[in-house]
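This report describes one protein model for a reader who has not seen it before. The sequence and structure come first, and the description follows.

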Amino acid sequence: MGMENLEEFLTKKKEQAEKNKIDWEQKKQQWLMEITTFYKQIQSFLTPLQEKGLLSFEWEEVKKYEEYLGEYTTRKLYVNFPDQQVVIEPIGKNIIGAMGRIDMIGKNGNVMFLLVDKEAESPKIMVHFDDGLSKGLEKIRETKNPEYAWKIATPAPNIKFIDLNKDSFSDALLGVIAE
């Protein structure tokens, strides 16, 4: 009986581990696509100003390293204005409270862009306990299957998410460059 119980226990543990295994390479590729999507979106906002000669773009390849994802290469965007420069740089995929983060850094401050649930208006905190109650919550969370979108995060402590569009991006950009 003892060996049968041990084998049954180990078989269940192995199945559970395989079911919960995360494909980190797939997550890395997804993250790189999300970065590209973000850059395309903001470039569409800024291209009319670039065409008028009011700003220019420069790209720099950067190597990043994140636990689990490993090393990867992405790009940092420099938005050049006549008298200053703004840097837009991916920070990471594995961050608390979002599916990714990109920062915009100017001489007057920083703006955080977070990849979050499209419906989210602010961060949600969920505590997980390894018991029967949490199992029910997991089922609810699994069925939701949210869509994600890039949003601007207001500063702490009362963080709010602002939908990323041409006007909100312009306001954020002005915030880091205007004197």
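Predicted model: local features only at pLDDT ≥ 70, side-chain atom pairs only at ≥ 80, totals over all residues.

Residues are numbered from 1 along each chain as its sequence is written, and side-chain values use heavy atoms, with hydrogens and water left out.

**Overall layout**

The protein has four helices and seven strands; these are DSSP runs numbered from the N terminus, with helices (H or I) of at least four residues and strands (E) of at least two. From the N terminus on, the order is α-α-β-β-β-β-β-α-β-β-α. Contact means heavy atoms within 4.5 Å. Among contacts between residues at least 6 apart in sequence, 53% join residues at least 24 apart. The protein exposes about 12,300 Å², and carbon and sulfur atoms supply 54% of that area; accessible areas come from the Shrake-Rupley method with a 1.4 Å probe, and for residues only the protein chains shown count as cover.

**Nonpolar cores**

A nonpolar core is a set of buried Ala, Val, Leu, Ile, Met, Phe, Trp, Tyr and Cys residues joined through side-chain atoms within 4.5 Å. In the largest one, which has 30 residues, Ile88, Met104, Phe113 and Phe169 touch the most other members. Elements giving two or more residues to this core include helix H2 (24-51), strand S2 (70-80), strand S5 (109-117) and H4. H2 gives the most, with eight residues. A second, separate core has six residues, among them Val116, Ala120, Ala153 and Phe161.

Leaving aside neighbours within four places in sequence, Met104 is in contact with residues including Val86, Ile88, Phe113, Phe169 and Leu173. Ser168 belongs to helix H4 (residues 166-177) and is buried at 12% relative accessible area. Beyond its neighbours within four places in sequence, Ser168 contacts Ile152, Ile162 and Asp163.

**Salt bridges**

Side chains of opposite charge can pair when their charged atoms come close. A salt bridge is a side-chain nitrogen of Lys or Arg within 4 Å of a carboxyl oxygen of Asp or Glu. By this rule the count is seven, and the table gives some of them.

| Pair | N to O distance |
|---|---|
| Lys12 and Glu8 | 3.4 Å |
| Lys64 and Glu89 | 2.9 Å |
| Arg101 and Asp103 | 2.6 Å |

Lys12 and Glu8 are four residues apart in helix H1 (residues 2-19), so about one helical turn separates them. Lys12 is exposed, at 51% relative accessibility, and Glu8 is partly exposed, at 44%.

Lys64 and Glu89 form a salt bridge. Because Lys64 lies in strand S1 (residues 56-66) and Glu89 in strand S3 (residues 85-92), the pair ties together parts that are 25 residues apart in sequence. Both Lys64 and Glu89 are buried.

In the pair of Arg101 and Asp103, Arg101 is partly exposed at 24% relative accessible area, whereas Asp103 is buried at 6%. Elsewhere, salt bridges that share partners join Lys64, Lys76 and Glu89 into one network.

Methods:
Buried < 20%, exposed > 50% of the residue type's maximum accessible area, 1.4 Å probe, protein only.
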